[in-house]
Amino acid sequence: MPRTRLANLIDGRLQGPLDDHWIDVHEPATGAVFAQCPDSTAADVHAAVYAAQRAAPGWGATSTDERARLINRLADLLEARLDEFAALESRDSGKPVALARRLDIPRAVSNLRFFAAAIVAWESQSHAMEAGAINYTLRHPLGVVGCISPWNLPLYLFTWKIAPALATGNAVVAKPSEITPCTAALLGELSIEAGFPPGVLNIVQGRGPTTGQAIVEHPVIKAISFTGSTRTGASIAATAAPQFKKISLELGGKNPAIVFADADLTDEHMNTIVRSGFSNQGEICLCGSRLLVQRSIYENFRECYLAKVQALRVGDPQDTSSDLGAVVSREHFDKVMRCIAQAREEGGRILCGGDAIKLGGRCADGWFIAPTVIEGLANDALTNQQEIFGPVVTLIPFDDDAEAIALANGTGYGLAASLWTRDLSRAHRLGAQLEFGIVWINCWLLRDLRTPFGGSKQSGVGREGGVEALRFFTEPRNICIHY
Ligand code: NAD
């Protein structure tokens, strides 16, 4: 089968890597190579940065209306090819095509439209002083910024970064994950069709330690917006700090879902609790991988929960009836399987799953893992402390509010939590005590793009979303006039 070769987008032109080195891109459902992406070097990054540097002043001076028009045009072009993008995202990442069609690609369209609208509605600040003076605050684009995104929600997270960066008038050098490079490459082609001036959006494909590192190190790049693992985030922070670059780091999580005995466990809520563990094969940073359940309902809840988990269909991502597809790579498959083995060694009881799944036909060599539920491990067991990022959930009983909070907060991460209760005052009280950037009460993954998004502790630094992103990508300048 002929393999597609993806291109970099540099200075408005699609081009291969200067060194002509390529990375194989696998289809997780089959294990086969179906494309190749540029294995770009620092030289490609330099070319992109200098194109961006040339484009930045003009783009920064372009009216917000015009910037919004181009971003909306890109959204329209993407939406018109939604099915094609969804199929490609599914093929590249292993996620069910139905999920890509329902979540990933529509959300990428929304990200673009949201920031196109946000920039024209953004208010400037002024502060009047009693002593006959007034301050007003200008917000300038930073110039050239870097956006680096992971493989789990490829286009969704890529657009979540480039949309506010472009809307605020910056020229962008962006790098998607080398594991899932396809949809970002295709979006780059659409950006040419949309009419973005050359150099405003540059996409350099390649590996983290080379291409990514070259973006982070480049002195012309003023800010790095990064989503990925905590380990990479720490390395980016160390590189960026001596250059005083702005950084926004959205990192890993070990999120609790807390179910109280008084929770309204309707079928719909139970389905959401199951989804919160296993959507996208558990490869969403917001997935609740530690399920804390009040002891008085623990056994009944476990029975009902397991029945639902066992009913999940792991299948070919192209099949619209599959609930879970393949995990993203052979390496990640091995990691998740090692984590399950470790849970066994720590004394965990596997209540369901625990094995790889062998499908037949075209998926015979794919990387499929059965949804796995484990109990019997203390909160400080490695299984309950390390991010697994796969279809693995642990069950932990608790007795009261204090224990629930202690267990939930007993992690080095602080990204997201969900809380299930009918007691309104408990919801407010515990919501405020949970040390997580995002707390959902009686829901999960209900997203309003205006709200601050991000985590604390080892889950990151800074927030994305709404005005937080607009602020991140701009430099404030306060003017004080005495009259
Ligand atoms: P990763 O850190 O391995 O890679 C993320 C991106 O960084 C990729 O594009 C990669 O090429 C690049 N990269 C790697 N090393 C680099 C370096 N030294 N310098 C610059 N760039 C580098 O993460 P991943 O495995 O792709 O993604 C999974 C992780 O992302 C999980 O930990 C997950 O929790 C996290 N994540 C967090 C959020 C959030 O919003 N907090 C969202 C999605 C995923």
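Which domains does the domain assignment of the chain give?

**View 1. Two domains in one chain.** The domain assignment of the chain gives domain 1 (4–251 + 459–478) and domain 2 (256–441); such bounds come from an automatic or database assignment. Their C-alpha centres sit 30 Å apart. Keep in mind that this is a predicted model: local features need pLDDT of at least 70, side-chain atom pairs count only at pLDDT 80 or more, and totals for chains, interfaces and linings use all residues. Residues are numbered from 1 along each chain as its sequence is written.

**View 2. Where the domains touch.** Here 19 residues of domain 1 are in contact with 24 residues of domain 2 (C-beta atoms, placed from the backbone, within 7 Å). Helices here are DSSP runs (H or I, at least four residues), numbered from the N terminus.

**View 3. The shell around the ligand.** Both domain 1 and domain 2 give residues to this shell, so it lies between them. Of the 32 residues around the ligand (C-beta atom, placed from the backbone, within 6 Å), Pro150, Gly208, Gly212, Gly228 and Thr232 come nearest. Helix 7 (208–217) and helix 8 (230–240) each supply at least two shell residues, and helix 7 has the largest share, with five. By class, the shell holds 11 nonpolar, 16 polar and five charged residues (Ala, Val, Leu, Ile, Met, Phe, Trp, Tyr, Cys and Pro count as nonpolar, Asp, Glu, Lys and Arg as charged, and the others, Gly among them, as polar).

Terms used. Two residues are in contact if their C-beta atoms, placed from the backbone, lie within 7 Å.
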